[in-house]
Amino acid sequence: MRTLRGLIFWEFPRTSWQWDIIVTVILAFIFLTPRDFFRDQPRAASIQMLPAGQGFLIEPRLLANVPEADQSRKATELVNQRFKTHTTITRVEPVFDDAEVEITSYMAYTKP
C-alpha cells in the first residue's frame, strides 16, 4: 500500500530507482502510444481549397443538418464567404473514414 501511495503522490527521491521507473513508464506512454488511440489528429481549416481548382474539402459539421438537396447551395455560400469568390458548387459528395462509417469531410466540386 505504501508503494502505491508513493506512485500516486510521487514521493520517491529523484535519484531512486523507483523515480527512474516512473519516468520511463511516462515517457514510454508519451512516445509509444499511437495518435489514433486518442483520436487526436491535427485540425485543418473548416474549408480547404484543393490545388489546381479541383474543388474544396468542407468539414462535416458545416453541412451536418443540411438536406442533401440543399448541400450544393449551402456549400457555395460557405466557399464564397470563406474565400471571397463567386464560385458555384455543382455537387457535394461525402468522404468517409477507413471503415466507411463516419463522414470525415465533404468534397465539393466546382464548375469546370
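Glu77 is partly exposed in this predicted model, with a relative accessibility of 40%. Its partner in a salt bridge is Arg73, and the closest N and O atoms of the pair lie 2.8 Å apart. Arg73 is also partly exposed, at 46%. Why do Arg73 and Glu77 sit about one helical turn apart? Both belong to helix H3, and they are separated by about one turn because they are four residues apart there.

Let's turn to the other salt bridges, of which the whole structure has four. Arg61 and Glu59 join through their side chains at 2.2 Å, N to O. Arg61 counts as exposed because its relative accessibility, 57%, is over the 50% cut-off. Glu59, at 15%, counts as buried because that value is under 20%. Another pair is Glu93 with Arg91, at 2.5 Å from N to O. Glu93 is partly exposed at 33%, and so is Arg91 at 41%.

Now follow the strands. S3 and S4 run antiparallel and are joined by seven bridges. Phe96 has Ile103 in S4 as its bridge partner. Six residues lie between the two strands of this hairpin, and Glu100 there adopts a positive phi near 55°.

Finally, look inside. The largest nonpolar core has 12 residues, including Phe56, Leu78, Val79, Ile89 and Tyr106. Strands S2, S3 and S4 and helix H3 each give two or more residues to this core, and H3 has the largest share, with three. Val79 contacts Ile47, Phe56, Ile58, Lys84, Thr85 and Ile89, if its neighbours within four places in sequence are left aside. In soluble globular proteins, nonpolar side chains tend to be buried together.

Technical notes
Residues numbered from 1 in each chain as written. Predicted model: local features only at pLDDT ≥ 70, side-chain atom pairs only at ≥ 80, totals over all residues. Heavy atoms only, no water. Core = buried A, V, L, I, M, F, W, Y, C linked by side-chain atoms within 4.5 Å. Buried < 20%, exposed > 50% of the residue type's maximum accessible area, 1.4 Å probe, protein only. Contact = heavy atoms within 4.5 Å. Pairing = 2+ DSSP bridges.
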